[in-house]
Amino acid sequence: MRRQAVSAGFEQQIMMERGRSKRRNFFDYGVNTRKEIQHVKDSKSGSSGIPVKIITNLFAFRSPPKWFMYQYHVTFLPDIESKRLRMALLFSHCDLLGKIRGFDGTILFLPNKLQNQIMEVTSIMKNGQAVNITIALTSQFPQDSPTCIQFFNITIRKVLKMLSLYPIGRNFYNPSTPIHIPQHRLVLWPGFATSILRYETKILLSVDISHKILRSETVLDFMTGLYNRSGDQHFIDTCMKELVGFIVLTRYNNKTYRIDDIDWAVKPTHTFKKKDGTEISYVDYYSQQYDASISDLNQPMLVSQLKMKHLGTDAVPRIAHLIPEFCFLTGLSKQTRSDFRIMKDLAAETQLTPQKRQQRLHELIDSIQRNKVARTELEGWGLRLDEQISLSGRVLPPEKIHMHDHSFMPVSPVDWSRNLQHSRIIGSHTLQNWLMVFSQRSCDAAGKLLALLRRVGPSMGFSIENPKMVQVNETTTSFIQALRHNIEPSTQLVLYILSSSQKDKYDSVKKFLCVEKPTSSQCVVANTLNRANIMSIVTKIALQMACKIGGELWMVEIPLKSLMVIGIDMNRDALSKGTFVGFVASINFTVTKWFSRCIFQPHGAEAADCLKVCMKGALRKWLELNHDLPGRIVVYRDGVGDGQLMTLVDYEVPQILDSFKEVNSDYSPKVTIIVVRKKGTCRFFADTNGMLQNPPVGTLIDSEVTRPEWYDFFLISQCARQGTVSPTHYNVVYDNSCMKPDHTQRLTYKLCHLYYNWPGVIRVPAPCQYACKLTRLVAENIHREPDLELADRLFFL
């Protein structure tokens, strides 16, 4: 057995590796950050707000008192290579081991302790050879140990398989009850996402509803349609571009594969070597193995690189050749996602109300309880599923929105756009030196838009002068040439009108205006000006334009003085293997002006390598504007994937703290660093007289279903108009400011009101959303770092 010392943030913990493969820790075990934050050691719960009864999608996962799981190391003499044979030889001793056990070929887990610490038994193989088996006790684990939690998750996955659910990725799906959407040639498999974790006082099973989207067409159907559209000349290049990277499902074994390549030279009539060394054609193999006949013998083969079973320098990559005719595409293309009708029909099936979601959860739990085999598996380990967890949450007080000349309490925190119609924004420069660029087809739209902008501007306190009107041809080259010849150093903004949603043209113009001629810009698609709610659309365009030239729209009261808030997010570049790191920081006392940086990180580089540069840039900008450095800094770090928390705590946090000394050796601000997670399996329902509904906006949960080793809380700061709302999880990984939990929670909620692209509360704090918006623009459209001249403007809105 190998043991590995794992750095766990502020503590060292020994974790086991089972077998030879290194298992990724999806639950960030061992990162105990709370014990270093002195003021929340005893309690991390706040008290402000109105109590609300909450039902969760968590179920108690119980074991007897003083329950232990026993781990044994198993050796064979002579050594046996085959894992299957090892299991058969060991399991022939059922009288010794019992029927309930877990074995991976080397490590054996048992619910009961064997009579002796070292047991020796003998098994006889079919050829008469005797094999001596030594079973040695190595460890015993209490129920809340990381090893037991990991094993519980393996056990619950085994139980789901017993219910005839198929694993795809981390989740399980039921292909026997498909949901058909024939008008879009889509099929949904309903399923579940599960996880077992140690929460504050209990081990709980989290169950969330999931759906797998399958297309009714096969990859061969897709290729045939593509050939008919693109013709023979560009078919191969187009096909590679469209299919490589997609996930496909093979119905004959219900497994998913990633398309890594297409082998045009190999056909179904070709042969390959089986494990026993014999050769067989793909046609005969699928016929014998799956009773499936291949109709098109000239189709190429899809290539998928399989996961490595063994790690090491001598490991040989394993690939699988797949028949396009038997592969079904999963997920949705970007074109499909932009189709409103398809997404609406999908949402009707996948976005379940709290009441329907609760019904599906209980159906699964009842299925486990009624299934004799599944129940026997759990009971054999001394485990059982118990009651659904309910608790008390709190609804935070609503926030007052402050404008230039008055304040108001929104009727609904979800959307206060009506309140803005007759309100003056806090402040903005006069827009006087700007361009409006459009094609001949969009000439009427340009005139209409200008008239409406000049109409809505004065009422909001945004003065808009006449622009320089530039008419160009439809081509991208004409747009770029017009911009190059007409943009001057004094140009404040460029508004360009596209006749339709043309991504290539949009990307080219945005890249030119963010990199070559750094100028704030606003893109408008002509068709949007023909909608019924035209005044609302133009008002939002005017607000965006005001932001992009340095304007401030609204604010909320933040009592903390000299406060800088920061949002950090990451996005993988669509063209390269690198990543763009977005960094957005407030640079004034009212948290209404922002500084941004977006830096490219090559594949494999750590995010913190560029965070120092960003932090020093933001602090110098603050010093330039305020003549002093901020006394308090709160960082919201988004984009942290599963298993990355340890790296963030051990590497990124020290880098951020070290950057302060490089600005001023005596500078030591109060710092709070919070990890933001939008994805998770926890769901919350408000219990209103027995009926389950989405909790009110501002609902906060900071007890019972949080992690004992973390200073964390859940906040629902947005409204779900359809389906069930997803809470956002906040984990304070560093805090030397001694802010009370109430103050941290209230500040987080306040910041959810300050996103200038939407007059309402949003799911995450504004700096996080700004960083997300910035990295999305750069990674998907520009693919280059924006010019620093744009750093003090919200040019990416």
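**Close-up views of a predicted model**

Of the 797 residues in the protein, 54% are buried (under 20% relative accessible area; exposed means over 50%, partly exposed in between, with a 1.4 Å probe and protein chains only). This is a predicted model: local features need pLDDT of at least 70, side-chain atom pairs count only at pLDDT 80 or more, and totals for chains, interfaces and linings use all residues. Residues are numbered from 1 along each chain as its sequence is written, and side-chain values use heavy atoms, with hydrogens and water left out.

Figure 1. Along the principal axes, the C-alpha atoms fill a box of roughly 95 × 70 × 55 Å. Among contacts (heavy atoms within 4.5 Å) between residues at least 6 apart in sequence, 70% join residues at least 24 apart. Helices (H or I, at least four residues) and strands (E, at least two) are DSSP runs, numbered from the N terminus.

**Figure 2. Helix H18, residues 741–751.** Nine of the 11 residues are buried, so H18 is largely enclosed by the rest of the structure. The buried residues are Pro-741, Asp-742, Thr-744, Gln-745, Leu-747, Thr-748, Tyr-749, Lys-750 and Leu-751.

**Figure 3. Helix H13 (residues 476–486) against helix H14 (residues 503–516).** The two axes come within 9 Å and cross at roughly 20°. That makes H13 roughly parallel to H14. Axes are lines fitted to C-alpha atoms, for helices over the stretch in contact, and angles run from 0 to 180 degrees between N-to-C directions. Angles under 35 degrees count as roughly parallel, over 145 as roughly antiparallel, 65 to 115 as roughly perpendicular and the rest as oblique. H13 passes H14 in a right-handed crossing (the near helix is turned clockwise from the far one by less than a right angle; anticlockwise is left-handed). From H13, Thr-476, Phe-479, Ile-480, Leu-483 and Arg-484 meet Lys-505, Ser-508, Val-509, Phe-512, Leu-513 and Glu-516 of H14. These contact residues divide into six nonpolar, two polar and three charged. Ala, Val, Leu, Ile, Met, Phe, Trp, Tyr, Cys and Pro count as nonpolar, Asp, Glu, Lys and Arg as charged, and the others, Gly among them, as polar.

**Figure 4. H14 against helix H19 (residues 766–782).** Their axes come within 9 Å and cross at roughly 120°. H14 and H19 are therefore oblique to each other. The crossing is left-handed. H14 contributes Lys-503, Tyr-506, Asp-507, Lys-510, Lys-511, Cys-514 and Val-515 to the contact, and H19 contributes Leu-777, Glu-780, Asn-781 and Ile-782. Five of the contact residues are nonpolar, one is polar and five are charged.

**Figure 5. The cis peptide bond between Leu-77 and Pro-78.** Omega is about 0°. Pro-78 sits in the loop between strand E4 (68–77) and helix H1 (83–91). Most peptide bonds are trans.

**Figure 6. Asp-291, with a positive phi near 55°.** Asp-291 belongs to the loop between helix H6 (282–290) and strand E19 (301–305). Its relative accessible area is 70%, and Asp-291 is exposed.

**Figure 7. His-627, with a positive phi of about 60°.** His-627 is found in the loop between helix H16 (608–626) and strand E32 (632–637). At 67% relative accessibility, His-627 counts as exposed.
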